[in-house]
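Student: I would like to learn how to read the features of a protein model with some care. Could you take me through one, giving the general idea and then the case at hand?

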Amino acid sequence: MTMTIKEKTTTRKPTSRVKKISEEVVELPANPFTFEVLNLASSQKTNAKKVEILKKYEHDSLKAIFIWNFDESVISLLPEGDVPFFGDNTMKTSTMSERIEDSIKQMSDSSIGAIDQKYSTLRKEYTLLYNFVKGGNDSLNGIRRENIFVNLLEGLHPLEAEIICLCKDKKLQTKYKLTKEIVAESYPDITWGGRS
């Protein structure tokens, strides 16, 4: 009797199932935020996996931000550095980057889905990006261009707005572990250079 109880209480070590779960790539929802795709791709250990993720979630909005960030011929018409922001009902002046950082700090993993509903995405707004680069909409004066940019940032999810701020200064790779070579391999249809 003791022998049968021992046989029943011994546990088997998990075998291949645990390995398969750990090797699986996280599935993003349909129409994911740009920051979700970039986070997922950036977190991959190999360049081949990064390329795989970028190919899987291919969208023109991703290509647009990569072109703005990595193509040396794309010249931003926005001032480099922090984006100034003047509060609506206060005299306090801060920067848009500070507001974005504050919004990100206030988020928790469990609240991201809840707050997403009130924000727009780069997937929807990327067609406005031509206004901010040389050769895109040169008829805009500097003040009008900056107002459009600030309005875009205010409407975007804070993590999406952060991406745009990084791209305008060509610093996307400071947050995400992605290179021009990885992007070029993922999207061979992008023609680099000759844009300005």
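Predicted model: local features only at pLDDT ≥ 70, side-chain atom pairs only at ≥ 80, totals over all residues.

Student: Are Glu-52 and Lys-49 buried, partly exposed or exposed?

Tutor: Glu-52 is partly exposed, at 40% relative accessibility, and Lys-49 also falls in the partly exposed class, with a relative accessible area of 30%.

Student: How many salt bridges does a search of the whole structure find?

Tutor: The search returns eight of them. One of these joins Glu-27 to Lys-56, whose closest N and O atoms lie 2.4 Å apart. Because Glu-27 sits in the loop between α2 (16–23) and α3 (34–42) while Lys-56 belongs to helix α4 (residues 47–56), this pair ties together parts that are 29 residues apart in sequence. Glu-27 is exposed, with a relative accessible area of 55%, whereas Lys-56 is partly exposed at 44%.

Student: Which residue forms a salt bridge with Asp-189, and how far apart are the closest N and O atoms?

Tutor: The partner of Asp-189 is Lys-63, and their closest N and O atoms are 2.6 Å apart. Since Asp-189 lies in the segment after α11 (180–186) and Lys-63 in helix α5 (residues 60–70), the bridge connects parts that are 126 residues apart in sequence. Lys-63 is buried, with a relative accessible area of 9%, and salt bridges with shared partners join Lys-63 and Asp-189 with Glu-58 into one network.

Student: Where does Asn-31 lie, and where does Lys-170 lie?

Tutor: Asn-31 is placed in the loop between α2 and α3 and is exposed, with a relative accessible area of 59%. Lys-170 is found in the loop between α10 (158–168) and α11, and at 26% relative accessibility it counts as partly exposed.

Student: Finally, how many helices and strands does the protein chain have, and what pattern does it follow along the sequence?

Tutor: The chain contains 11 helices and two strands, and reading along the sequence gives the pattern α-α-α-α-α-β-β-α-α-α-α-α-α. Of its 196 residues, 41% are buried. When contacts with a separation of 6 or more are considered, residues 24 or more positions apart account for 74% of them. The chain exposes about 12,300 Å², and carbon and sulfur atoms supply 52% of that area.

How values were computed. Residues numbered from 1 in each chain as written. Heavy atoms only, no water. Salt bridge = Lys/Arg side-chain N within 4 Å of Asp/Glu carboxyl O. Helix = DSSP H or I, 4+ residues; strand = E, 2+ residues; numbered from the N terminus. Buried < 20%, exposed > 50% of the residue type's maximum accessible area, 1.4 Å probe, protein only. Contact = heavy atoms within 4.5 Å. Areas by Shrake-Rupley, 256 points an atom, 1.4 Å probe, with all protein chains shown as cover.
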